[in-house]
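Biologist: I am new to this one. Shall we go through it piece by piece?

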Amino acid sequence: MSKTRVIALLSDFGSQDGYVGIMKGVIASINPQITIIDLSHEIPPQQIWAGRFCLMNAYPYFPLGTVYIGVIDPGVGSQRRSVAIQVPRGYLVGPDNGLFSGVLSQEKAIAAVTLTNTNYWRVRDPSLTFHGRDIFAAVGAHLGTGVSLEQLGESIDLESLVNLTLETVKISEKGLEGAIQYIDHFGNLITNIPADQVRGKPWLIIIKNQTIKHSLTYSDGKPGELITLIGSHGWIEIAVNRGNAQKRLQVQWGDPLNLVFR
């Protein structure tokens, strides 16, 4: 057996029902030596945008050659493609529904295939509702064991991969117009404005008729106070010191905001 790769798992399955454990069992049945890392299984159900952000944010921190298996798949059993994509730091395996487009906005894909070779599926007649078990986990395990991308199926045009693009940050009269791209477990609101657009400048955020001052750390604000800062992920973020900004502002993915330079 060739040298094994790390597998990173991302899904919206949660931890209650055993689906994640089943996928791990499939992987271990093919190669018990593979290291499996749970990136997250608490993505809100069918929320492809949230999965897109989590995978994009985590991608740089895994070893070279990692196989990322992503299963946020509201189109499971439909005509949407199952794909494996080679990228500079490893491989992406899952549904072609835009889940991988965050990584692909930062890294140029090298090659991609549709997963048509049933020899690398768990079974030749997979469940129409659990491709994570019957296709993606098995394919990821084979990739992690050294099977080449080309063996998994037919090559596809990289330009044909589904792309979920963020609304472009717009320049306004006083600053920038952006939107919420992710809401984390703490209720922090991550915007689509990258830090490099504000470094060295004083700024504040206006959202839902609230004006929020710029801080450096969460603790710069008083308990319960809204603040905005540059998060560890490199995006402008809105938070509440010891509180929940999403509940406080009642906002959702995609809601607009304005960043004003002072």
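This is a predicted model: local features need pLDDT of at least 70, side-chain atom pairs count only at pLDDT 80 or more; totals for chains, interfaces and linings use all residues.

Biologist: How wide an arc do they cover around the axis of α1?
Modeller: An α-helix has 3.6 residues a turn, so residues three or four places apart point the same way. The buried residues of α1 are Val-20, Met-23, Val-26 and Ile-27. They sit on the same side of α1, because their arc is only 120°.

Biologist: Which elements cover the buried residues of α1?
Modeller: Contact here means heavy atoms within 4.5 Å. The cover includes β1, β2, β3 and α4.

Biologist: Which parts does the salt bridge of Asp-134 and Arg-122 tie together?
Modeller: Their side chains meet at 2.7 Å, N to O. The two residues are 12 apart in sequence, so the pair ties together helix α4, with Asp-134, and the loop between β6 and α4, with Arg-122.

Biologist: Is Asp-134 buried or exposed?
Modeller: Buried means under 20% relative accessible area. Asp-134 has 1%, so Asp-134 is buried.

Biologist: Which residues do salt bridges that share partners join into one network?
Modeller: Asp-134 and Arg-122 meet in a salt bridge. The network joins Arg-122, Asp-134 and Arg-133.

Methods. Residues are numbered from 1 along each chain as its sequence is written. Side-chain values use heavy atoms; hydrogens and water are left out. Buried means under 20% relative accessible area, exposed over 50%, partly exposed in between (1.4 Å probe, protein chains only). Helices (H or I, at least four residues) and strands (E, at least two) are DSSP runs, numbered from the N terminus. The arc is that of the directions from the helix axis to the C-beta atoms. A salt bridge is a side-chain nitrogen of Lys or Arg within 4 Å of a carboxyl oxygen of Asp or Glu.
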